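Me: I would like to learn how to read helix packing and a nonpolar core. Please walk me through a case.

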Amino acid sequence: WLASDPDAAVVSHESALDLHGLSDVIPEVVHLTVPRSKRYRPTSVGVAIHTSTRSLGAEDLTVMDGIRVTTAARSIIDSAEAGTAPEQLIAAVNQALERGMTTEQKLLGAARSSGGRVARLIQQAIEQARAP
């Protein structure tokens with residue numbers, strides 16, 4: 001994160017899920033999201049750089065131990081878009097809701113703007129989180 005410009009980069013996707021303690025996903029690389037204008041920056045081994053057409057607003061970011069990280073909701077949506085296993089997404093949604101880290105409405109709203117596949121995955125995860 002530091003080597004990738006901490007003013008522009010934010011820990012995201014499965015790496016952010018791991019930092020938030022959501023699911024038991026073990027990222028193979030450190031996932032960072034940068035503004036599209038920074039997409040050509042050199043990367044290090046073990047780092048996956050993502051860009052986003054959706055800007056990262058204050059509602060998408062948090063700081064953990066001095067590191068900029070996407071919020072639980074944004075991390076779940078980004079991971080769903082990137083193809084994280086459905087069982088990991090279900091666990092992350094369940095844990096985030098139980099811990100009050102996000103709401104069903106925030107997840108569903110963000111998922112709808114990400115397309116049908118992501119919206120279906122998140123809806124399924126919420127339904128399974130509600131099940132006894």
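Me: How many residues does the largest nonpolar core have, and which have the most contacts inside it?

Reply: A nonpolar core is a set of buried Ala, Val, Leu, Ile, Met, Phe, Trp, Tyr and Cys residues joined through side-chain atoms within 4.5 Å. Buried means under 20% relative accessible area (1.4 Å probe, protein chains only). Here the largest such core has 22 residues, and Ile 76, Val 93, Leu 107 and Ile 122 have the most contacts inside it. This is a predicted model: local features need pLDDT of at least 70, side-chain atom pairs count only at pLDDT 80 or more, and totals for chains, interfaces and linings use all residues. Residues are numbered from 1 along each chain as its sequence is written, and side-chain values use heavy atoms, leaving out hydrogens and water.

Me: How are two packed helices described?

Reply: By the angle between their axes and the distance between the axes. Axes are lines fitted to C-alpha atoms over the stretch in contact, and angles run from 0 to 180 degrees between N-to-C directions. α4 (residues 104–112) and α5 (residues 116–130) pack at about 160 degrees, axes 8 Å apart. They are therefore roughly antiparallel (over 145 degrees).

Me: Which residues of α4 make the contact with α5?

Reply: Contact means heavy atoms within 4.5 Å. Glu 104, Leu 107, Leu 108, Ala 111 and Arg 112 of α4 make it. On α5, the residues include Val 118, Ile 122 and Ile 126.

Me: What does Ile 76 touch?

Reply: Not counting residues up to four places away in sequence, Ile 76 touches Leu 17, Leu 89, Ala 92, Val 93, Ala 96, Leu 107 and Ile 122.

Note on methods
Helices (H or I, at least four residues) and strands (E, at least two) are DSSP runs, numbered from the N terminus. Angles under 35 degrees count as roughly parallel, over 145 as roughly antiparallel, 65 to 115 as roughly perpendicular and the rest as oblique. Buried means under 20% relative accessible area, exposed over 50%, partly exposed in between (1.4 Å probe, protein chains only).
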